[in-house]
Amino acid sequence: MRVVIIGNGVAGMEAALEVRRREPAWEITIISEESDHFFSRTALMWVFAGQLSHQCIEPLERDVYARLNFRRVRARAVGIDVEARQVRIAGGHDAVPFDRLLIASGSKPRPGPWPGSELAGIGHFVTHQDLSWYEAEVHGGPSRGGPPPNADAHLAFSTPDSPYAKRPVAAETRGRPAKDVAVIGGGLIGIEAVEVAHAAGLHPRFFIREEWFWPMAIDRTESTWISDRMREHGVHVHLEENVERFEGEGVVERIVTDQGDYAADAVVVAIGVVPNTDFLRSGDGEGDGDAPVTLDRSGGIVVDERLETSVPGVFAAGDCASVRWFNGAVRPEQLWYTARDQGRIAARGLLGDTVQSYARGHWYNSAKLMDIEYTTAGLVNFHVEGERNWFFEETGAVRSTNRIVLSGDRVVGFNFLGRRWDHSVLLRFIDEHRSLSYVLDHLDDARFDTEFVPPLRVPMEARLRGLSEGPAPSALPQPVAPPAV
Amino acid sequence: MDLQGQNGLDAAFRASWRNRGGLAWLIAGTLVGFYTLLYFGGDLGLNDIPALNFDRWAQAIGLPSRWHLYGLLYTVGVVGGGIAYLRKHGNSRYNTYRIAVNIAVQVLLAFTLPLAMAVFGQGSYYFSYLWPLAWYDFHPGHLASLPAAVAVWTLGGALVLAPLMAYRYGKRWYCSWVCGCGGLANTFGDPWRHLTASSTKSWKFEKVAVHTVMFIAIGSTFALFLDYFAGDRMPTLHRIVDGGDWWSVKRLYGYVVGSILAGVIGTGLYPLLGPRVWCRNFCPMAALLGLQQKLGRFRITVKPDMCISCGNCTTYCEMGIDVRSYAQSNESFTRSSCVGCGMCAHVCPRGVLRLENLTKKRDQADKARQGLPVVNL
């Protein structure tokens, strides 16, 4: 049996490992342009800062491909020939035949819609090549950890529209590294790009369209703390400001918004990601633009409960697949742990199992916003029926904000900043339909602070006074699904 | 104030002196040269430094003695490195308390007290070093020569206190709170902690090496006993175990383990191999405490399905444990080599890891945690 996997990210690699565990003799081929080795995409910011080397963010030892006999094709897939059962490759590379196929091609950055977006010095922070570009702009090159081996090996087998193409570096033209960095887009990738620029000793500008940072996940009070923290560190936070265009001669020099114009040497556009599925449309050689598997309006690959696409024997997993969310919505979910779980489920399909299906559990996540810990679990910012919010801001030795969302008398969600929490215990509270007073009495069970950190103590009057009727005010025109991390 | 988690990023891989650049080699060369002179200089007649005999105070604290000078430099390294460490990670309560204890133990127990004892004409005694790290402490003749309280501490500390504490809190109570080697590694040596190898190969080497030294230390202790009680009748045995020849067990152990592995390689190569080469691969005390830890209550708890495999924990583990491999497979774990420095939990951007001394209550909490699969795989 010949199994081919397009994509060397967490979904693709989990599937490859799972298939190999069960079938030692099957041929497994992994096609991907980006990097020889599987790496953790969520860790690019530490490579930029120099806290980690590129090898540090590779979760498996480098010999895994040889040891598990995975054939590695470092080239761009440009289409799937469903009748001939093969994947076409760019640059005159032989097509790769398959019996069963997994598409796990991930996301690519959403391009900026503004005039001047083609100027050198404007990029993203999603792929390894984006990282190299941003490092070259700010630091003049990679850290002493070095670039990954064969960083450019895919270029001979790629196309100019590839998200893994090399980006022009304005700092090289200008002859000096960037001083004025601007980041557009108030989400997690945006704040990471800001944080690493700050760590490099710069004072970046952070342009956010909404009333406050990250309105999908946190409310105004919570967000104000984070914006204040960024400002304390010397970041210029521009809220409710819309970018209009970029200006410059070949390289970006200025960024013009509806409220002013600012010098800019390097601009990171972090306004979200879209499914990386264009290659399915463009590469059939007939020019009719139809993908061989059905895509939805967002570009996500339509799959059934087993993650099988419209073509039998062809599966999709990870960011590129439109899956059913816990609230019933069907669309791509750009998240590390769902991609990993989908990779494992898709592997069952590749192996020919018919019973296993993908069922998304509760929403939960955690992150670090500058140096502020963040944990969320359950339905926060979903406008649930009979919504009430309980809120308590802790001051003193530990600063934290603690929000618990209720539907009627039932606790349905948590949004905690400033401390560490075990989300699995919080989710158990939700599953057990607990009341607010029960949860507050048992909050210590979910404590995950490091040793010697004093526990959260909620004064009696705050327990009663913290509750307010109605949903938390939103900066967004309508409730949306939680954000990607 | 944030009392946990990393506060600001660390540009370790952008500094050449922290990444085997020219300056790193220079520092390593200097340290190796220093330790070679310190341990083997006596054989070359370089015993003391008369130039430091400048007044009666210098003479009183024994400054011209190269061992006293070394103690002073060591203390300066722990205090200076400790201050630098706390400037970077001092927001964390765990780090602050731990490093403060390290500094206090070095300044008071390992430096001031032995010096004071010497000044007052007593034999110096280092209360913070226990058998089998101080393997010769168990020599029956030596034990008999000690004041009773010190002898009780020597035996009780090593045979009762250390195992009990390791069972209850893990070996961290010693290796990263009290021990002088660990104290220097976590202060002066901290800038190089990311250089510790975390490959499977290095783990295999560690397991063989550290347990070999442990068995040699225990075996040599038995040999001391044998020699003490039967040496009179067997002069050859005495010569082999405790004789003055360079090839006697005592001298060889001192040269190879004490001088070369702990000093020249273990500390001299901080800037090239990371600060815990000795502790991880050769320290008999760490090996023994590790076995006790493995049976005890200390562990690192992993929050399920939250790891993003970034690699900060594995990279900043000074013992070369691939923490990420446990975190990404939702496996709470106790590794015998873990010294409980807390850095994996500190640098984790998702708060996935937590150092814990398990109690029964925690076990019950664990049961509640299990059976919460996010996807029913």
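**Reading the labels**

Guide: In this predicted model, the contact between the chains takes 48 residues from chain B and 46 residues from chain A.

Visitor: Which elements of chain B supply at least two residues each of the side that touches chain A?
Guide: They are helix H4, helix H15 (312–316), strand E2 (353–357) and helix H18 (360–369) of chain B. The residues on that side of chain B divide into 21 nonpolar, 17 polar and ten charged.

Visitor: How do you know that chain B agrees with a compact globule?
Guide: For 377 residues, a compact globule would have a radius of gyration near 21 Å, and chain B has 22 Å, so the value agrees with the rule. Along its principal axes, the C-alpha trace of chain B spans about 70 × 45 × 35 Å. Chain B holds 18 helices and two strands, and 44% of its 377 residues count as buried. Among the contacts in chain B with a separation of 6 or more, 71% are between residues 24 or more positions apart.

Visitor: Why is Asn150(A) called exposed?
Guide: The label asks for 12 or fewer other C-beta atoms within 10 Å, and Asn150(A) has 11 such neighbours, so Asn150(A) counts as exposed. Asn150(A) is found in the loop between helix H4 (128–138) and helix H5 (170–174) of chain A.

Visitor: What makes Glu240(A) partly exposed?
Guide: A residue is exposed at 12 or fewer and buried at 20 or more; Glu240(A) has 13 other C-beta atoms within 10 Å, and therefore falls in between, as partly exposed. The place of Glu240(A) is in the loop between strand E12 (236–238) and strand E13 (243–247) of chain A.

Visitor: What is the phi of Asn150(A), and what is that of Glu240(A)?
Guide: Asn150(A) has a positive phi of about 55° although it is not a glycine, and Glu240(A), also a residue other than glycine, has a positive phi near 50°. Most residues other than glycine have a negative phi, and most peptide bonds are trans.

Visitor: Which peptide bond is cis, with omega near 5°?
Guide: The bond from Trp131(B) to Pro132(B) is cis. Pro132(B) sits in the loop between helix H4 (93–119) and helix H5 (140–145) of chain B.

Visitor: Why are strand E3 (70–73) and strand E19 (314–316) of chain A said to stand at the edges of a sheet?
Guide: The open sheet in question has five strands, in the order E3-E2-E1-E7-E19 of chain A, with parallel pairing. E3(A) and E19(A) each have a single partner strand, so one side of each is left without a neighbour in the sheet. Neighbouring strands of this sheet are turned by 20° against each other on average, direction ignored.

Visitor: What makes strand E4 of chain A mostly covered?
Guide: Four of the five residues of E4 (residues 77–81) of chain A are buried. Four bridges join E4(A) to strand E5 (residues 86–89) of chain A, and these strands run antiparallel, with Ile80(A) opposite Val87(A). Their hairpin has four residues between the strands, and there Arg85(A) takes a positive phi near 50°.

Visitor: Which residues touch the most other members of the largest nonpolar core?
Guide: This core has 219 residues, and those that touch the most other members include Val267(A), Leu102(A) and Cys283(B). Helix H6 (residues 188–199) of chain A gives the most to the core, with eight residues. Not counting residues up to four places away in sequence, Val267(A) touches several residues, among them Gly121(A), Phe246(A) and Ile255(A).

Definitions and conventions:
Residues are numbered from 1 along each chain as its sequence is written. Chains are lettered from A and ligands numbered from 1 in the order in which they are written. This is a predicted model: local features need pLDDT of at least 70, side-chain atom pairs count only at pLDDT 80 or more; totals for chains, interfaces and linings use all residues. The radius of gyration is taken over C-alpha atoms; the globule rule is 2.2 Å times the number of residues to the power 0.38. Two residues are in contact if their C-beta atoms, placed from the backbone, lie within 7 Å. Ala, Val, Leu, Ile, Met, Phe, Trp, Tyr, Cys and Pro count as nonpolar, Asp, Glu, Lys and Arg as charged, and the others, Gly among them, as polar. Two strands pair if DSSP finds at least two bridges between them. Axes are lines fitted to C-alpha atoms, for helices over the stretch in contact, and angles run from 0 to 180 degrees between N-to-C directions. A nonpolar core is a set of buried Ala, Val, Leu, Ile, Met, Phe, Trp, Tyr and Cys residues joined through C-beta atoms within 7 Å.
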